[in-house]
Amino acid sequence: EAKAAGRGVYRQFECAMQNEAENRMRLEHDLRLALPLKQFRLHYQPLIDSHTQEVRGFEALIRWQHPVRGFVSPADFVPLAEEIGLIHEIGEWVASTAIKDCAQWPASISVAVNISPIQLLSPGLPAMISDALSRAKLPANRLELEVTESVFLRDSNGSLDVLRRLRALGVRIALDDFGTGYSSLGYLNRTIFNTLKIDGSFVRGASVRSETVSIIQAIVTLANCFQMTIIAEGVETQEDYRLMVELGCHQIQGYLFGRPVPFDRATEMVGTRWSEARRLASV
Ligand code: C2E
Ligand code: MG
Ligand code: MG
Ligand code: MG
């Protein structure tokens, strides 16, 4: 009897495994079609200048509108795209679209694009970026590429070489999600990174966590020594906003100023102050 029950449980387990494998295979199949079927969109989230409170630029964030599943989060499909090598094509679409869009904004506005560590393994990345910039006639310094510390985990020599070649083009490089994962002060290399983005997990609620304030203070001091631009991510409240400005963050990004929105809505935010930008984003 116990054996029969065991078999039942095992069969359930087997079914769950099979469902998961099938689900993954279907997702993989759909993901391969998403680019040709034009199911990707870019949304833009404003980066606000701490002093002038004006929009300085936008971070481009990919969105997948699946015909049946609806919105699929990049957190769910980017890792899969990396695994099956599709991230190179998707990344090329993201970069060229963001560059083309940015070329339509005033010269004071820049665009930030997330680059997967897998893309940095490709020696052809700098040429792809340089071609996209020339096609759109966008000056290289209006593009910032965001990478995470995980680039230091695999083939760091090759990846660092690609980053140096990107910087030689005049493109800016940001270290994203700083403070999570393997954060090491050794990563704050000024010859590679122009910008440091403090991860939202540190920023959120910092105004009520004194130990976090000390950590951010230390990060800001170091980044200033290296003349890096400091951006606080994930600012959702007035309190956290005021604190980040007080601590010396140069730019602020977060739901307080606006969620990621389509190109047209982002364009409406250009030239407005953040309070107006927020009003636009919330309608
Ligand atoms: P990320 O680069 O750190 O982007 C910031 C994420 O935080 C975005 O999530 C953004 O919508 C979210 N966010 C912004 N402000 C707030 C806030 O105030 N509160 C909270 N709770 N969240 C906030 P999203 O768009 O879901 O993207 C998640 C991650 O997926 C990104 O993290 C990035 O690592 C990756 N990703 C997104 N687009 C791309 C892309 O085009 N290429 C690559 N390789 N990765 C991408
Ligand atoms: Mg980012
Ligand atoms: Mg980030
Ligand atoms: Mg993040």
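Select Glu83 and Arg24. They form a salt bridge (a side-chain nitrogen of Lys or Arg within 4 Å of a carboxyl oxygen of Asp or Glu), with the closest N and O atoms 2.8 Å apart. The pair links distant parts of the chain: Glu83 sits in helix 2 (residues 74-83) and Arg24 in helix 1, 59 residues apart. Helices here are DSSP runs of H or I with at least four residues, strands are runs of E with at least two, and both are numbered from the N terminus.

This is a predicted model, in which local features need pLDDT of at least 70, side-chain atom pairs count only at pLDDT 80 or more, and totals for chains, interfaces and linings use all residues. Residues are numbered from 1 along each chain as its sequence is written, chains are lettered from A and ligands numbered from 1 in the order in which they are written, and side-chain values use heavy atoms, with hydrogens and water left out.

Colour the pair by accessibility. Glu83 has 58% relative accessibility, so Glu83 counts as exposed. Arg24, at 36%, counts as partly exposed. The cut-offs: buried is under 20% relative accessible area, exposed is over 50%, and partly exposed is in between (1.4 Å probe, protein chains only).

**Widen the selection**

Arg24, Glu28, Arg32 and Glu83 are linked in a network of salt bridges. Stop on Arg32, which is placed in helix 1. Arg32 is partly exposed, with a relative accessible area of 42%. Now draw a distance from Arg32 to Glu89. Their C-alpha atoms are separated by 10.0 Å, and the two residues are 57 apart along the chain.

**Other salt bridges**

How many salt bridges does the rule give? The count comes to nine.

Go to Glu59 and Lys197. Their side chains meet in a salt bridge at 2.9 Å, N to O. Glu59 lies in strand 2 (residues 55-66) and Lys197 in strand 7 (residues 195-198), so the pair ties together parts that are 138 residues apart in sequence. Are these two residues buried or exposed? Both Glu59 and Lys197 are buried.

Next, pick Glu236 and Arg204. This salt bridge has an N to O distance of 3.8 Å. Glu236 is in the loop between strand 8 (229-232) and helix 8 (238-246), while Arg204 is in the loop between helix 6 (200-203) and helix 7 (210-225). The pair links distant parts of the chain, 32 residues apart. Glu236 is partly exposed at 38% relative accessible area. Arg204 counts as partly exposed at 39%.

Tyr10 is placed in helix 1 (residues 2-34). At 49% relative accessibility, Tyr10 counts as partly exposed.

**Helix pairs**

Two packed helices are described by the angle between their axes and the distance between the axes. Axes are lines fitted to C-alpha atoms, for helices over the stretch in contact, and angles run from 0 to 180 degrees between N-to-C directions.

Show helix 3 (residues 87-102) and helix 4 (residues 125-136). Their axes come within 9 Å and cross at roughly 30°. Helix 3 and helix 4 are therefore roughly parallel to each other. Angles under 35 degrees count as roughly parallel, over 145 as roughly antiparallel, 65 to 115 as roughly perpendicular and the rest as oblique. Helix 3 passes helix 4 in a right-handed crossing. A crossing is right-handed if the near helix is turned clockwise from the far one by less than a right angle, and left-handed if anticlockwise.

**Backbone checks**

Most residues other than glycine have a negative phi. Select Lys38, in the loop between helix 1 and strand 1 (40-49). Its phi is positive, about 55°. Then select Lys137, in the loop between helix 4 and strand 5 (143-148). Phi of Lys137 is also positive, near 55°. Lys137 is exposed, with a relative accessible area of 73%.
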